[in-house]
Amino acid sequence: MSRRFTPKVITANLLLDGDAVWLTADDRWSKSMHDAEFIEDEAHADIRLLFANGQANIIVGPYLADAKAGPNGPEPTHFREEFRTRGPSNYAHGKQVELN
Amino acid sequence: MYKYNNFDEAFVRSRVAQFRDQVERRIKGQLTEDEFRPLRLMNGLYLQLHAYMLRVAIPYGTLNSRQMRQLAMIAEKWDKGYGHFTTRQNIQFNWPKLQDVPDILEALADVEMHALQTSGNTIRNVTADHFAGAAADEVADPRPVAELLRQWSTDHPEFQFLPRKFKIAVSGGEQDRAVTKAHDIGIRIVRNAAGEIGYQIIVGGGLGRTPMIGKVIRDFLPKEDLLPYVEAVVSVWNLLGRRDNKYKARIKITVFENGLDEFSQLTDERFEQIRAGFTGVDQEILAEIEQFFREPVYETKSKDVFDARYATDPAFRSWVDTNLSDHKSDDYAIVTISVKKHGATPGDATADQMRAMANLAEAYGHDELRISHEQNVVLPHVHKADLPAIYDALKVADLATANVGLISDIIACPGMDYCALATARSIPIAQEIAQRFDDLKLEHDIGPLKIKISGCINACGHHHVGHIGILGLDRAGVENYQITLGGDGTQDAVIGDKTGPGFAAEDITNAIERIVMAYLALRQTPAETFLDAYKRLGLEPFKAALYEEAAAHAAE
């Protein structure tokens with residue numbers, strides 16, 4: 001029996017500056033995970049990942065990451081993905097300052 | 001220090017030009033990421049969690065002031081104003097943009113530096129004792145040998161697609177400050193009974209998933225046999241090493257699975273085959289290289305100013321007693337500049353701090369700087385009369401922390417704050433532990449104690465050989481920290497013992513404090529170090545303090 005599909009988002013890093021980005025429902029790459037398309041269907045996830053893999057001139061290494069629904073949009077479920085939405089903890093660098 | 005010849009200069013420039021072209025083609029879409037990735041890794045460029053990371057080689061940890069200033073310039077112009085000195089004597093920039101990297105490499109080439117072979121399955125940057133050429137216990141300076149190995153291994157056609165990465169360390173002192181027993185090949189410069197200089201060769205050490213202490217494969221290798229013998233070792237492993245499983249590909253597994261005797265015999269056979277091909281030109285090159293590493297001309301001047309300050313200024317005295325090491329000349333000292341201010345990120349220096357250190361090296365240190373694998377910066381040749389001025393300048397640069405070798409002088413890998421391979425964070429743990437023991441004002445009382453933290457099993461933070469080692473793992477989606485005790489990275493290398501279940505991030509500093517408090521209660525005299533006490537008592541009393549006290553607190 002296959003495991004139940006848990007909700008996902010598609011994420012990658014930008015080719016030019018390496019920053020973490022998420023794929024939106026309208027085919028953009030956003031630096032905010034809240035903008036990501038929240039994917040609850042496995043077949044749709046496969047199709048969206050195929051699309052992402054075709055974006056190699058914009059992004060690097062797309063993958064499906066676990067997510068949960070939040071008040072402002074998708075949120076991470078694992079600490080690694082949470083760090084990617086924020087930046088490092090030792091300095092106020094990366095998204096935690098750049099997105100505000 | 002070594003100076004590039006025309007060949008070195010042309011080679012490094014041609015590689016920069018090639019990479020510039022490769023980056024352009026990647027951005028234009030003419031190269032796929034699968035095609036580009038191995039090319040960028042050959043130039044030290046990784047893609048990490050939040051950005052690219054460029055790892056720049058600092059061969060055998062040696063820099064001059066001009067090079068340090070260029071690193072500061074790069075940090076300011078293309079990064080976020082700082083750099084991270086690593087346990088491999090490299091420097092990493094955490095925020096470069098892809099299109100800027102060719103310019104960064106060009107700027108490095110301007111000062112005879114590069115990022116070649118700082119990644120990939122090749123022979124990596126050769127590391128060495130950071131006190132090379134200065135230490136009182138030195139048999140010979142390890143840097144000429146390290147430079148010879150660098151030249152031999154760079155672009156070596158046989159060794160560009162090895163089963164895995166390959167790390168060589170060279171130590172020239174009786175004390176092993178280069179952790180040679182945790183490298184694929186460790187080389188220790190020794191003298192035989194006849195007083196001749198040669199090499200003890202250690203093979204098959206390594207940390208990571210399967211930590212192993214290297215084994216001596218040759219007690220005394222004559223000087224002229226070094227390159228052919230090292231080439232034979234790598235050559236045998238290149239054929240025998242497992243390519244079916246990357247966790248079993250390192251030479252430590254090859255030596256373990258085949259046995260040292262079998263590996264040694266195969267190496268000897270290969271050595272006999274290739275030895276004749278080394279016509280002695282390597283020894284001529286080594287002799288040329290040695291000319292670049294001649295001892296500085298030492299000054300003779302009064303030390304009164306030092307003696308007076310030492311007698312009257314307790315903060316200066318504490319720094320001198322903690323951060324200085326014996327130099328081969330009595331009037332001189334080796335200064336270790338702590339890049340480990342309490343609460344700061346281990347190994348991170350700002351561009352201003354880099355320039356401050358460069359200025360000191362130029363004014364007082366024969367223009368030499370070293371990066372230690374313990375993530376500090378060393379001024380190897382300082383006249384004692386200049387120590388007060390150096391201390392004052394370091395205070396201004398916020399670099400005068402007197403904690404070298406103490407509990408807050410923590411090695412920490414970048415961990416999950418930067419590294420894509422990490423399973424947990426390291427830096428915040430190091431920051432919190434250092435801050436805790438500074439607040440307790442106990443670290444000078446505790447004495448020598450090395451804490452080493454890795455954020456994953458690959459062990460860049462050398463946790464297995466920390467007196468106290470901390471390994472960050474992902475346990476069911478939560479950061480969890482496992483402790484090892486009694487590790488030792490010196491000539492008496494030992495892998496630490498696991499204590500038992502790990503601790504959550506919010507509990508790990510308390511756990512370390514319980515271990516240290518147990519040590520203070522158990523030591524026979526203040527002169528008995530943590531490691532000595534551990535060797536005498538074993539794991540049990542520390543384990544009891546670690547877990548039983550925790551259980552008692554939980555029951556309250």
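1. Basis of the note. This is a predicted model, in which local features need pLDDT of at least 70 and side-chain atom pairs count only at pLDDT 80 or more, while totals for chains, interfaces and linings use all residues. Residues are numbered from 1 along each chain as its sequence is written, and chains are lettered from A and ligands numbered from 1 in the order in which they are written.

2. Chain A. The secondary structure of chain A consists of three helices and five strands, where helices (H or I, at least four residues) and strands (E, at least two) are DSSP runs numbered from the N terminus. Along the sequence these elements follow the pattern β-β-β-α-β-β-α-α. The C-alpha trace spans about 45 × 30 × 20 Å along its principal axes. Of the 100 residues of chain A, 35% are buried; a residue is buried if 20 or more other C-beta atoms lie within 10 Å of its own, exposed if 12 or fewer, and partly exposed in between, with C-beta atoms placed from the backbone. Among contacts in chain A between residues at least 6 apart in sequence, 53% join residues at least 24 apart. Two residues are in contact if their C-beta atoms, placed from the backbone, lie within 7 Å.

3. Chain B. Chain B contains 18 helices and 21 strands. For its 556 residues a compact globule would have a radius of gyration near 24 Å, and the 23 Å of chain B agrees with this. Its C-alpha atoms fill a box of roughly 65 × 60 × 60 Å along the principal axes. Buried residues account for 53% of the 556 residues. Of the contacts in chain B between residues at least 6 apart in sequence, 67% link residues at least 24 apart.

4. The contact between the chains. Chain A contributes 21 residues and chain B contributes 22 residues. On the side of chain A that touches chain B, the largest share, four residues, comes from helix α2 (residues 79–84) of chain A. By class, the residues on this side of chain A are eight nonpolar, nine polar and four charged. Here Ala, Val, Leu, Ile, Met, Phe, Trp, Tyr, Cys and Pro count as nonpolar, Asp, Glu, Lys and Arg as charged, and the others, Gly among them, as polar.

5. Helices α3 and α12 of chain B. Helix α3 (residues 65–78) of chain B packs with helix α12 (residues 351–364) of chain B at an angle of about 170 degrees, with the axes 8 Å apart. Axes are lines fitted to C-alpha atoms, for helices over the stretch in contact, and angles run from 0 to 180 degrees between N-to-C directions. α3(B) and α12(B) are therefore roughly antiparallel to each other, since angles under 35 degrees count as roughly parallel, over 145 as roughly antiparallel, 65 to 115 as roughly perpendicular and the rest as oblique. Residues making the contact include Met68(B), Leu71(B) and Ala75(B) of α3(B), and Met354(B), Met357(B) and Ala361(B) of α12(B). The contact of α3(B) with α12(B) comprises nine nonpolar, one polar and four charged residues.

6. Helices α3 and α4 of chain B. α3(B) also packs with helix α4 (residues 101–110) of chain B, at about 165 degrees and with the axes 10 Å apart. This angle makes α3(B) roughly antiparallel to α4(B). The crossing of α3(B) and α4(B) is right-handed; a crossing is right-handed if the near helix is turned clockwise from the far one by less than a right angle, and left-handed if anticlockwise. Gln70(B), Met73(B), Ile74(B) and Trp78(B) of α3(B) meet Ile104(B), Ala107(B) and Asp110(B) of α4(B). By class, the residues of this contact are five nonpolar, one polar and one charged.

7. Helices α14 and α16 of chain B. Helix α14 (residues 427–440) of chain B and helix α16 (residues 505–522) of chain B pack at about 40 degrees, with their axes 10 Å apart. α14(B) is therefore oblique to α16(B). α14(B) passes α16(B) in a right-handed crossing.

8. Lys301(B). Lys301(B) lies in the loop between α9 (281–291) and α10 (304–312) of chain B. Lys301(B) counts as exposed because it has 12 C-beta neighbours inside 10 Å. Apart from neighbours within four places in sequence, Lys301(B) is in contact with His383(B) and Ala385(B).

Notes: The radius of gyration is taken over C-alpha atoms; the globule rule is 2.2 Å times the number of residues to the power 0.38.
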